[in-house]
Amino acid sequence: MASTPAPPTHFSSVAPRPPNNNNNQRHHHNQNRSQHRRNNNRNRWSSSSSTRYYSSPASDAGACAGAGVPSAAATAFSSSLSPWLGGQKTRLAPDFSGRRSSRNPGKMNSGGPRAVPNNQQHSKAAEEVLHSLTNAGNDVAAIDSVLLSYRLYVAEDYVYLLKESMGYFGLEPNLVTYNAIIDAGAKGEVAFETVVQFLEEMTGAGCEMEWKGIGRDVYTYNTYVDALCKGGRMDLARHVIDVEMPAKNIWPNVVTYSTLMAGYAKAEHFEDALNVYDQMKHLLIRLDRVSYNTLVGLYANLGWFDEAVSKFKEMECCGIKNDIVTYNALIEGYGRHNKYVEVRKLFDEMKARRIYPNNLTYSTLIKIYTKGRMYAEAIDVYREFKKEGMGIDVVFYSALIDALCKNGLIKSSLRLLDVMTEKGSRPNVVTYNSIIDAFRVGQMPALECMVDASFQANEHQIIAGKFQGQKTDDGDNDEIMKMLKQLAAENAGLTKKDKRTRQDKFYIVQIFQKMHEMKIKPNVVTFSAILNACSCCETFQDASKLLDELRIFDSDVYGVAHGLLMGHGQGIWDQAQTLFDELEHMDSSTVSAFYNALTDMLWHFGQKLGAQMVVIEGRNRNVWKGGWSTECLDLHLTSCGAACAMVHSWLLELRTTVFGGQKPPPILSILTGWGKHSKVVGNGALRKAVEALVNGIGAPFQIAECNLGRFVSEGPVVAAWLRQPSTLNVLLLHDYIVYSQPVERNQTFNIPSLGAL
DNA sequence: CAGTGTGCAA
């Protein structure tokens with residue numbers, strides 16, 4: 001990769017990303033920003049998205065003022081729900097370096113607007129398709145069949161086909177053909193941008209379709225809307241429905257709206273999702289099977305079980321039978337809210353109604369039970385699952401691997417990784433992410449014994465008595481069963497454990513290599529996991545070793561992480577901005593996890609100014625959802641490092657207002673929450689970190705008597721403290737390492753072991 | 001020819 005002219009020499013052997021050509025649009029991080037986020041046009045999809053964070057859903061064009069339960073309730077629950085919401089289906093936007101989902105794959109166009117015309121070559125596959133098309137003659141059905149049987153990968157293929165087939169062979173594809181092409185693209189291994197681009201090419205630029213008078217119909221639009229929703233571009237989807245479609249005199253139907261509703265639900269914009277339902281009611285659009293299922297799923301995920309059940313019954317009354325999707329949605333929702341009795345009831349009920357559980361039902365149940373540490377139940381479900389002859393898929397394996405990792409049974413998870421490969425299930429990025437993430441899980445509790453060969457046998461004896469009952473019909477060759485039982489034993493405190501050594505920690509490096517060999521692309525979650533692993537390293541050298549793995553995967557992310565770690569400060573900031581921009585359309589939990597991981601690593605290694613810059617950026621981009629008012633700082637979704645950096649910023653800002661002559665509010669509070677959201681750091685870690693920080697800098701805050709997750713102080717007291725001359729020095733953060741002119745590469749820094757926060 | 005449902009990160 002060519003190195004860049006402008007920025008100073010990098011420590012890394014990998015050059016940073018070239019500076020973006022519209023850097024000048026960016027604000028300096030500590031400049032006073034307006035309420036509305038900067039809205040650069042780095043890629044063509046960002047131009048209309050600025051309202052997303054600040055506008056209320058009700059103000060969206062076209063949202064009706066429909067009456068009914070949801071809209072009233074929606075206002076009430078508005079922000080109070082967001083904390084738990086991270087959890088569910090989180091496959092939204094494709095990330096910047098790998099796919100986040102097997103269903104909705106894609107690669108973000110990370111380099112800004114595409115360098116205009118596509119001079120790229122089409123693929124061989126496209127030529128094959130074209131050849132088949134010639135044989136298909138003018139039979140449109142045959143053409144459709146040909147097109148649908150291929151999965152083309154690049155827009156160029158579509159364009160090639162379109163032009164060749166129409167121009168040269170004189171075929172007459174109709175609108176259905178085009179819709180089929182688009183849909184094939186949307187469903188296949190084609191990036192969201194590619195599909196959209198194709199759509200644009202199809203109607204834009206004087207495409208023959210328009211010329212022939214073939215417009216887009218409601219199917220085209222619905223496909224388009226779906227692609228937008230899957231890409232997390234809800235703003236655009238809304239615009240298409242509210243503006244573009246009516247302008248073409250094409251009216252959204254039940255499919256359009258249920259697509260939109262599902263899109264909002266996935267994007268965690270639950271109020272908007274409910275508003276869509278209101279709008280449908282208002283327009284007297286009758287729900288059908290799919291939209292009922294969507295709605296039931298939405299309510300169930302929100303934990304609005306009365307509403308969910310009511311719709312569940314209503315659909316039966318309308319003559320639409322409850323189906324497997326309905327049941328799976330309900331089970332998932334109840335499971336998410338730990339309502340195990342209802343889960344069991346539904347599971348029995350569906351079988352009684354001869355709606356037979358499918359693979360997904362079983363996977364969901366196993367997930368619910370392993371997450372809830374109800375291993376006996378999980379084992380029962382698994383037995384039934386096997387009896388039904390269901391196939392174990394990647395998701396199943398991944399979920400189990402994750403459970404093993406979360407319980408510190410890393411060796412077993414690695415064995416399961418081998419097993420799944422042997423059995424023909426290809427691990428994917430999620431599988432690996434779980435294992436990488438175990439790096440920090442394994443730090444806290446001891447790791448299972450890695451040396452003792454007799455351990456396994458020993459362990460199984462123990463379990464045999466406890467969980468297996470009389471017979472061994474589960475078969476000793478069933479690895480899954482073994483793992484579940486091991487989890488059960490671990491949970492019961494029966495597993496022998498041993499401290500792991502420093503070398504053990506670097507199993508992770510082998511994992512990276514394996515990932516590489518298998519050509520599995522990492523995604524943001526992978527990067528977060530790597531950064532978290534760095535924060536668990538005691539020495540800078542160990543962290544560098546891990547960061548090097550990151551470099552192999554993605555030099556941009558590496559460039560930013562490494563640059564900030566090296567104290568490049570402003571020099572690296574434009575690259576960081578570009579990176580953050582690319583996170584924009586991903587779901588909130590993924591994004592906040594990344595910010596948390598990056599900040600934690602910086603804070604851990606003493607790069608506190610860098611950490612603060614990241615945190616301020618995250619706050620401006622509303623990454624943590626938490627409020628940031630003068631009276632109250634909500635930290636409940638931040639990591640320890642992010643929280644510390646945030647406290648500094650908040651106090652500095654407070655100081656400015658105090659010096660500006662404003663009266664502080666009577667009571668000031670910092671919320672840390674109860675640690676529910678940090679499953680790894682353990683209960684109260686955040687609170688302890690904030691407590692230590694507050695004490696360390698001498699800020700006059702105390703834990704509120706009635707709420708352990710809250711620090712309070714009286715405004716005037718804090719103001720007085722802030723006015724002290726010495727306070728400013730305490731509050732200002734610095735980087736431990738500051739970049740100075742070209743230093744030798746591979747220089748080692750004498751960084752003290754900072755230990756965990 | 002379109003729209004609903006699983007795993008990681010929180």
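Okay, a definition to start: a salt bridge is a side-chain nitrogen of Lys or Arg within 4 Å of a carboxyl oxygen of Asp or Glu. Why might such groups pair up? Side chains of opposite charge can pair when their charged atoms come close.

Now, the housekeeping. This is a predicted model, where local features need pLDDT of at least 70 and side-chain atom pairs count only at pLDDT 80 or more, while totals for chains, interfaces and linings use all residues. Residues are numbered from 1 along each chain as its sequence is written, and side-chain values use heavy atoms, leaving out hydrogens and water.

Take Lys-482 and Glu-479, whose side chains meet at 3.7 Å, N to O. They sit three residues apart in helix α23, residues 479–491, so about one helical turn separates them. Glu-479 is buried at 17%, and Lys-482 is partly exposed at 22%.

Next, Glu-314 and Lys-311 form a salt bridge at 2.8 Å, N to O. Both belong to helix α14, again three residues apart.

Then there's Lys-514 with Asp-418, at 3.2 Å, N to O. That pair links distant parts of the chain, helix α25 and helix α20, 96 residues apart.

Last one: Asp-581, Glu-584, Glu-617 and Arg-621 are joined in a salt-bridge network.

Conventions: Chains are lettered from A and ligands numbered from 1 in the order in which they are written. Helices (H or I, at least four residues) and strands (E, at least two) are DSSP runs, numbered from the N terminus. Buried means under 20% relative accessible area, exposed over 50%, partly exposed in between (1.4 Å probe, protein chains only).
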